[in-house]
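Visitor: I would like to go through this structure with you, one topic at a time. Shall we begin?

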Amino acid sequence: MDFDEFRGRVERVDKLAASGDDRALLAELDALADSDLPDLDRARLLSQAAQAHERLGEADKALAAYDRAAALETPHRRFQAAFRKSDCLMRLGRKDESRDILKALLERPEATLSERHSFEARLKLLRRPS
């Protein structure tokens, strides 16, 4: 896919997201995620799909999309999808799993100081009584 086609399809994704039609949005995101785009573009699209699944109440599909995105990011030493998955797990009340991800992210040497601060802030939230 060349850049012009990519830009046009991302504009379509943005319009679908704004319309609130998560089913149509997921169809477009899934097609893009299965395309020949670079890993990090596909990871970002899969994270968007995870958010749409979460809005639709499809927690298992959301978590699976975050896992797919994280698998694409990991070789590039990125971890946005894992961080977002920890937030999703926190919203689902699965605090132990969320905490485990955040602790693992804190150990990553490539995390910036501000990223580490974000991980620690989330861990503090998880320590609060419900």
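Visitor: Is Asp87 buried or exposed?
Guide: Asp87 is buried, at a relative accessible area of 13%. Please bear in mind that the model is a predicted one.

Visitor: Which side chain does Asp87 meet in a salt bridge?
Guide: The partner is Arg122, with 2.8 Å from N to O. Arg122 is partly exposed, its relative accessible area being 23%.

Visitor: How many salt bridges are there by this rule?
Guide: The count comes to 15 salt bridges. Side chains of opposite charge can pair when their charged atoms come close.

Visitor: What is the salt-bridge partner of Glu54?
Guide: Glu54 pairs with Arg91, and their closest N and O atoms are 2.7 Å apart. Glu54 is part of helix H3 (residues 39-55) while Arg91 is part of helix H5 (residues 80-91), so the pair ties together parts 37 residues apart in sequence.

Visitor: And how accessible are Glu54 and Arg91?
Guide: Glu54 counts as partly exposed, at 21% relative accessibility. Arg91 is exposed, at a relative accessible area of 53%.

Visitor: Then how do the axes of H3 and H5 cross?
Guide: The two axes come within 11 Å and cross at roughly 10°. Because of that angle, H3 is roughly parallel to H5.

Visitor: Which residues make the contact?
Guide: From H3, the contact is made by Ser47, Gln51 and Glu54; from H5, by Ala81, Arg84, Cys88 and Arg91. By class, the contact of H3 with H5 has three charged, two polar and two nonpolar residues. Glu54 and Arg91, both in this contact, are also the salt-bridge partners discussed above.

Visitor: Which residues do salt bridges with shared partners join into one network?
Guide: That network consists of Glu5, Arg9, Arg12 and Glu28.

Visitor: Turning to the rings, how many aromatic pairs are counted by this rule?
Guide: The count is three aromatic pairs. Phe3 and Phe6 form one that is tilted, with 6.4 Å centre to centre and 50° between the planes.

Visitor: Why is the Phe3 and Phe6 pair called tilted?
Guide: The planes are 50° apart. Planes under 30 degrees apart would count as stacked and those over 60 as edge-to-face, so this pair falls among the rest, the tilted ones.

Visitor: Where do Phe3 and Phe6 lie?
Guide: Both are in helix H1 (residues 3-19); because they are three residues apart there, about one helical turn separates them. Phe3 counts as exposed at 55% relative accessibility, but Phe6 counts as buried at 14%.

Visitor: Which residues do ring pairs link into a cluster?
Guide: Phe79, Phe83 and Phe119 are linked in this way.

Visitor: Now the loops. Where is Arg77 found?
Guide: Arg77 is in the loop between helix H4 (59-73) and H5. Arg77 has a positive phi of about 60° although it is not a glycine. Most residues other than glycine have a negative phi. Arg77 counts as partly exposed, at 48% relative accessibility.

Visitor: And where is Asp36 found?
Guide: Asp36 is in the loop between helix H2 (22-33) and H3. Asp36 is exposed, with a relative accessible area of 58%.

Visitor: What separates the C-alpha atoms of Asp36 and Met1?
Guide: The separation is 6.7 Å, although Asp36 and Met1 are 35 residues apart along the chain.

Notes:
Residues numbered from 1 in each chain as written. Predicted model: local features only at pLDDT ≥ 70, side-chain atom pairs only at ≥ 80, totals over all residues. Heavy atoms only, no water. Phe/Tyr/Trp six-rings, centres within 6.5 Å; stacked < 30°, edge-to-face > 60°. Helix = DSSP H or I, 4+ residues; strand = E, 2+ residues; numbered from the N terminus. Buried < 20%, exposed > 50% of the residue type's maximum accessible area, 1.4 Å probe, protein only. Salt bridge = Lys/Arg side-chain N within 4 Å of Asp/Glu carboxyl O. Axes fitted to C-alpha atoms, helices over the stretch in contact; angles between N-to-C directions. Parallel < 35°, antiparallel > 145°, perpendicular 65-115°, else oblique. Contact = heavy atoms within 4.5 Å. Nonpolar A, V, L, I, M, F, W, Y, C, P; charged D, E, K, R; others polar.
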